[in-house]
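How do the parts of a protein chain pack together? Take a look at the sequence and the model, then follow the tour below.

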Amino acid sequence: MKFETLSIHAGQRPDPSSGAVMTPIYQTSTYLQDGVGRHRGYEYSRTGNPTRAALEGCLAALEGAAFGLAFASGMAATDAVLRLLSPGDHVLAGNDVYGGTYRLFERVLRPYGLDFTYVDASDLAQATAALRPDTRLVWLETPTNPLLGVCDIAALADLAHVHPGRPLVVVDNTFATPYLQRPMELGADLVVHSTTKYLGGHSDVVGGAVVGKDMDLQARLAFLQNAVGAVPGPMDCFLVLRGVKTLALRMERHAANAATLADRLAGHPSVARLMYPYHPSHPQQALARRQMRNGGGMISMVLKGREPAARRVAETTRLFALAESLGGVESLIEVPAAMTHASTMNSPIAVDPGLVRLSVGLEHVDDLWEDLEQALRGV
Ligand SMILES: Cc1ncc(COP(=O)(O)O)c(C=O)c1O
């Protein structure tokens, strides 16, 4: 079945007890057993819950994967994947990643014994040179947060898979979503999501997910999901499941609005540099057009007036709300260096304080442009 059909039906079926067409929110922590140890598929909701199972099945289908596992947040999903490694192992990561991912790597997992090297993942020579015999995992974000860099998933997966250590290739597909980009088809071993973003789509839930094909990895990750216990509740799973039903429609409009705004911003006298994967000025535009169905809904830009201008614009938009996060129906604006990426301050991957990030929502594009224009006029 096609993506739009899967997003509405995969993993779901009318509730067998009532016929409810929409997956019920199974708000229960435990399940009746017919005899000691004889249950009907569910025994305790940390281990499994029918609403969660529906979401996991749906996300697996959308990514072309064999299994899905839902977590309490994108960070919990990332943490579960990194727990597949052992102290002493090396991770190669892109040098532009979500600030919370960098914080988890550097402040939680490095002290625990993992080693991390950050490279410009769009530069294959640089990535190849940084692979080590003890590299067990390659962590890719594409497009990256917040610079919207694009790396070649297929080329990097090919490189990693012939490397002696056979590192796992993991792609954080949060910005693109499976509607735009399907990393499993390009050779990734695992795909991670913050379902808080486009998959949920309405800024009303925090969640995460991991999907993959290898059932040995499924067993190890499902063990971690249950043993560590960073699971989402049934209401949260329901919200993501509902959001996903309109993902294709939403991503089309997010991208149409963002492409129009990117064109207009690129020619604006206050903008020094614009970052949008499908824009002709983007260094990996050709790769983005090959790898992604459209340019997505995120735009970043550096303003000529640097940090003061960035802060002023972010504080003077009226429709774009000044807030962290992204991927909801409403437009958001933020200054990553001071907000989502504050944890990278003074690090080798610190973000330009003059950078502004936009999550372009589904409002009418003329209203969005009018809002940006009036805010930019102030600088
Ligand atoms: C690309 C990316 N990955 C992961 C995360 C973490 O997700 P969560 O906030 O759901 O823990 C975020 C959050 O902003 C993100 O932007």
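The tour starts with the nonpolar cores, moves on to the helices and ends in the loops.

This is a predicted model, in which local features need pLDDT of at least 70 and side-chain atom pairs count only at pLDDT 80 or more, while totals for chains, interfaces and linings use all residues. Residues are numbered from 1 along each chain as its sequence is written, and side-chain values use heavy atoms, with hydrogens and water left out.

Begin with the core. In soluble globular proteins, nonpolar side chains tend to be buried together. A nonpolar core here is a set of buried Ala, Val, Leu, Ile, Met, Phe, Trp, Tyr and Cys residues joined through side-chain atoms within 4.5 Å. Buried means under 20% relative accessible area, exposed means over 50%, and partly exposed lies in between (1.4 Å probe, protein chains only). The largest nonpolar core has 71 residues. Leu 261, Leu 265, Tyr 276, Ile 299, Leu 303 and Leu 358 have the most contacts inside it. Helix α10 (residues 247–266) gives the largest share of this core, eight residues. Helices (H or I, at least four residues) and strands (E, at least two) are DSSP runs, numbered from the N terminus.

Which residues does Leu 358 contact, leaving aside its neighbours within four places in sequence? Among them are Leu 265, Ile 299, Phe 320, Leu 332 and Leu 372. Contact means heavy atoms within 4.5 Å.

Now find helix α13 (residues 365–377). Its buried residues include Leu 368, Trp 369, Leu 372 and Leu 376. An α-helix has 3.6 residues a turn, so residues three or four places apart point the same way. The cover over the buried residues of α13 includes α10, β9 (298–303), α12 (306–316) and β12 (355–359).

Look at α10 against α13. The two pack at about 35°, with their axes 10 Å apart. Axes are lines fitted to C-alpha atoms, for helices over the stretch in contact, and angles run from 0 to 180 degrees between N-to-C directions. In α10, Leu 261 and Leu 265 are among the residues that meet α13. On the α13 side, the partners include Trp 369 and Leu 372.

Another helix pair is α2 (residues 50–63) and α9 (residues 234–244). Their axes come within 8 Å and cross at roughly 35°. Leu 55, Cys 58 and Leu 62 are among the α2 residues that meet α9, where the partners include Phe 238 and Leu 241.

Leu 62 also touches Pro 178. Pro 178 sits in helix α7 (residues 177–180). Is Pro 178 buried or exposed? Pro 178 counts as buried because its relative accessibility is 2%.

Most residues other than glycine have a negative phi, and most peptide bonds are trans. The bond from Thr 142 to Pro 143 is cis, with omega near -10°. A cis bond also joins Asn 145 and Pro 146, with omega about 15°. Pro 143 lies in the loop between β4 (135–141) and α6 (153–162), and Pro 146 lies in the loop between β4 and α6. Asn 346 has a positive phi, near 65°. Asn 346 is in the loop between β11 and β12. Asn 346 counts as exposed because its relative accessible area is 73%.

Key:
Expected span 1.5 Å × (residues − 1).
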